[in-house]
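Please examine the sequence and the structure shown below before reading on.

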Amino acid sequence: MRYRSMKRLSALFTGLFIAVFSLSAQEGYVPYIPAEELPNLVNCLPAPPDTGSVTFAHDIVRYMWGKEQRHNPERLAIAYLDAIWSIDTTLAIFSKPFGLEISKEKTPEIYELMTRGMTTVQQICVRPKAHYFRMRPFARFHEPSILPEDDSWLATEGSYPSGHTVRGWTTALLLAEINPAAAEALFARAWEYGESRVIAGCHWQSDVDASRPASSIGYAILQTCPAFRAQMARAQAEFRRKTKR
């Protein structure tokens, strides 16, 4: 009976998360591939660590590390910036290592690729978040995150994997395909972007670690979409025009 109840609860949360991503699509960011056609991470990535495991002990150590990082004003400011859940903000963050300002007005082809590509891969978080519904660090320790005004709604969403980290890593993957020369700077920033979630107290280190391969899995499937491949070609051509490369 308990197993059936958990399955029903998981299905309910999955439906709610899909509804949230559908709302994102209605705002204009239409995914190249629907959520149900992406791989189910529950079947291809390990479950989050048990609370009695060595890995979870490491999660706790890293949570404490994150709290120490908050004493560094510069690093804390980066974590605050990285916490903003906005595709335009993420693109602004990654424009610097990319080497070109990305916007709907100035780089429409790149912007189209990024918004749709990021929205597509982001959906891969839906099933594992609902299935595991892992408690977030700040909730487990009854402490506020760096953005306490968000804690109440964040606590209603599973911690594993980290949606922010998936977004950041996907951004680097997409932009590195457009401008391979910027790959080192892009992935360094994407790594920092994920670590910001540990500093924020919103994710365990193991959430962040699982999110990078999760993003890569979604990105691999994205490569099979003809519409994506066509838009990537247009985005690469736009980049060459803008940078005279």
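The points that follow are grouped by topic.

The model is a predicted one. Across the whole structure, a search finds 14 salt bridges. Side chains of opposite charge can pair when their charged atoms come close.

**Salt bridges between separate parts of the chain**

- Lys67 and Glu143 form a salt bridge through their side chains, with a distance of 3.0 Å from N to O. Because Lys67 belongs to helix α2 (residues 54–69) and Glu143 to the loop between α7 (137–140) and α8 (151–154), this pair ties together parts that are 76 residues apart in sequence.
- Lys67 counts as partly exposed, because its relative accessibility is 26%. Glu143 also counts as partly exposed, at 27% relative accessibility.
- A salt bridge also joins the side chains of Arg136 and Glu157, at 2.7 Å from N to O. The pair links distant parts of the chain, 21 residues apart: Arg136 is in the loop between α6 (126–132) and α7, and Glu157 is in the loop between α8 and α9 (163–178).
- Is Arg136 buried or exposed? Its relative accessibility is 3%, so Arg136 counts as buried.

**A buried pair and its network**

- Arg212 and Glu195 form a salt bridge in which the closest N and O atoms are 3.2 Å apart.
- Which residues are linked with Arg212 in a network of salt bridges? The network consists of Arg62, Glu195, Asp209 and Arg212.

**Gln205, a residue in contact with Glu195**

- Gln205 is placed in helix α11. With a relative accessibility of 4%, Gln205 counts as buried, because the cut-off for a buried residue is under 20%.
- The side chain of Gln205 makes a polar contact of 3.1 Å with the side chain of Glu195.
- When residues up to four places away in sequence are not counted, Gln205 touches His58, Asp59, Arg62, Glu195 and Val198. Among them, Arg62 and Glu195 are members of the salt-bridge network.

**Packing of helices α5 and α12**

- Two packed helices are described by the angle between their axes and the distance between the axes.
- Helix α5 (residues 108–122) packs with helix α12 (residues 226–243) at an angle of about 145 degrees, and their axes are 8 Å apart. The crossing of α5 and α12 is left-handed.
- On the side of α5, the contact is made by Pro108, Glu109, Ile110, Glu112 and Leu113. On the side of α12, it is made by Phe228, Gln231, Met232, Arg234, Ala235, Glu238 and Phe239.
- How many nonpolar, polar and charged residues does the contact of α5 with α12 have? By class, there are seven nonpolar residues, one polar residue and four charged residues.

**Leu186, a buried residue in helix α10**

- Leu186 lies in helix α10. Its relative accessible area is 0%, so Leu186 is buried.
- Leu186 and Phe94 are 92 residues apart along the chain, and their C-alpha atoms are separated by 6.9 Å.
- Not counting residues up to four places away in sequence, Leu186 touches Phe94, Pro97, Phe98, Ala172, Leu175 and Ala176.

Terms used:
Residues numbered from 1 in each chain as written. Predicted model: local features only at pLDDT ≥ 70, side-chain atom pairs only at ≥ 80, totals over all residues. Heavy atoms only, no water. Salt bridge = Lys/Arg side-chain N within 4 Å of Asp/Glu carboxyl O. Helix = DSSP H or I, 4+ residues; strand = E, 2+ residues; numbered from the N terminus. Buried < 20%, exposed > 50% of the residue type's maximum accessible area, 1.4 Å probe, protein only. Axes fitted to C-alpha atoms, helices over the stretch in contact; angles between N-to-C directions. Left-handed = near helix turned anticlockwise from the far one by under 90°. Contact = heavy atoms within 4.5 Å. Nonpolar A, V, L, I, M, F, W, Y, C, P; charged D, E, K, R; others polar. Polar contact = N/O pair within 3.5 Å; in protein donor to acceptor, adjacent residues only side chain to side chain.
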